Amino acid sequence: MDRKERTVLITAVINVLLILFKFWLSGVSGSIALRSSALHSLTDLAIGLFVLAGLYLSRRIRGSDPVRQGVGALENLIALIVSGAIFYVGIEIVIDVLAGTSAELRNLVPITLASLVTVAVAYVIARYKLYVGRQTGSPALIASGYHSQVDIFASIVVVVGLAGSALGLSKLDLAAAAIVAVMVFLSGFQIAASAIAALRQRRLLDLEGETGVTAPKHVNLRAVVPAGAFLIAGLFLVSGFYTVQPGETAVVRRFGAVVARTGPGLHYRWPAPVERVDVVASDQVRRIETPPTQMLTGDENLISVRASVHYTVQDPAAYLLNVADPEELVMETSIAAFRGVVAGESVDALLTVDKTEIEQKAMATAQAALDRNESGLRVSGVQLLESAPPREVAEAFRDVASAREDRNTFVNEATAYRNEVLPVARGDADRMRQSAQAYAAESLARASGEAASFVARQTAYSKAPEITRQRLYLEAVERSLNGVRKLIVDPATTPDTTDLWLPQPSGRRLQP
């Protein structure tokens, strides 16, 4: 292995480490531009390996024999496959850029500083290839060194994009990825064109022009820089478009001052840093749950309270500008509201029947505190999840609660017995009252009738005493001997000379 081959091999190993480092930085930061730069370095690695293979074959194979042609054809086919893979990678990068699927960028400051290392490494690789190429008179190494200089430019573009994102220009990462994608396409085109030219001329693949096969010219930095600047400016202006989904509200700020509030739809604003857009889910119901907190009741009892609070964003501008941590603010405000409400209630009210009223009071108190702080938040609901005594006295509280339940049971049973007995007693009283009234009416009517009968008899007696006396006697006898056979004896009959035989129903005769 001569010096040229060792140089390409050493730079290839360094390139592999550089690619792995870029992929690691991309995973840590979520940057599409860094991932695109790593893929571009892969193309530079592929070109370097093809140069190494070309140098090795040029040294080992001489003439135009069939073996040389067969090896060259295989090498050219592999180069075409590699170029297709490079084009596919470039298309994937373009799709990511157009879709704007860049993840939320993280750790921008340290990642930007670490990315400077990639620029330095790419510079060392390019300068090393150029130096050895000039020392050995190798056009392949010199051309490969110029190609590595494009990787320097790609790394610089990525560093600029990361620095801009760290300063608030979040779209610069996508712009840098787009520029690197153009470089990837150019590298793929260079490999594909060189392979096709070598197949036509039936020679070995020559990416760098050492064997005489005409290959595309290397990327001209003077042409790429204006194109890249134009692309960045275009993406900068296009980045002003933004969409607002249903249920969301966008707050537009110009140099920090709120200038507009926009609803759902497609809108445009001046790109950052002139104007900034923050989209807030204004219709989303957010929920926080307070931790169990011991509070003092109005009758000086300790009780553990845990609650769930639901809230929404009422004023997006105030929510963005006046609140640093909405969840923490709502939680602390809710706990303070419950402390104030619980301090005015008895422990029995908290443990039994007044929970709904306490929730309403706490919600009103929390909302008043949020309004005083101009938080832009509205509390939509408060629910007590737990209101229990401390563990040390929980058993005593349970005994009290059991006694209260027993009392309620006894009261309910007594109420049921009362409801059962009272209607029966009222019915009996009404029946007896009506019976007494009927008896009184009957007695009065009978007495009135007897009095009238007596007056009538007295009148008749005064007119005919004998006849009336006889009639009264007969009536008295009839009433007294009702159902008995009676014989009327003539008063002139003398009992001493007359025997009376009274027949019985059985036919026997009895002597009086």
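I take a cavity to be a set of points, on a 1 Å grid over the protein atoms alone, where a 1.4 Å probe fits but cannot get out. By that rule I count three cavities of 30 Å³ or more.

The model is predicted, so I note that local features need pLDDT of at least 70 and side-chain atom pairs pLDDT 80 or more, while totals for chains, interfaces and linings use all residues. Residues are numbered from 1 along each chain as its sequence is written, and side-chain values use heavy atoms, without hydrogens and water.

I looked up the second largest cavity, which holds about 40 Å³ of space, a volume being the space filled by probe spheres set on the points. Its lining (residues with an atom within 4 Å of a point) includes Val-8, Asn-15, Asp-44 and Lys-129. Helix 1 (3-29), helix 2 (32-60) and helix 4 (108-136) each give two or more residues to this lining.

I then turned to helix 9 (residues 326-342) and helix 11 (residues 355-372), whose axes, lines fitted to C-alpha atoms over the stretch in contact, come within 8 Å and cross at roughly 130°. Among the residues in contact (heavy atoms within 4.5 Å) I note Phe-338 of helix 9 and Lys-361 of helix 11.

Key. Axes are lines fitted to C-alpha atoms, for helices over the stretch in contact, and angles run from 0 to 180 degrees between N-to-C directions. Helices (H or I, at least four residues) and strands (E, at least two) are DSSP runs, numbered from the N terminus. On a 1 Å grid over the protein atoms alone, a cavity is a set of points where a 1.4 Å probe fits but cannot get out, and a pocket is an open set with protein on both sides within 12 Å along at least five of seven lines; lining residues have an atom within 4 Å of a point.
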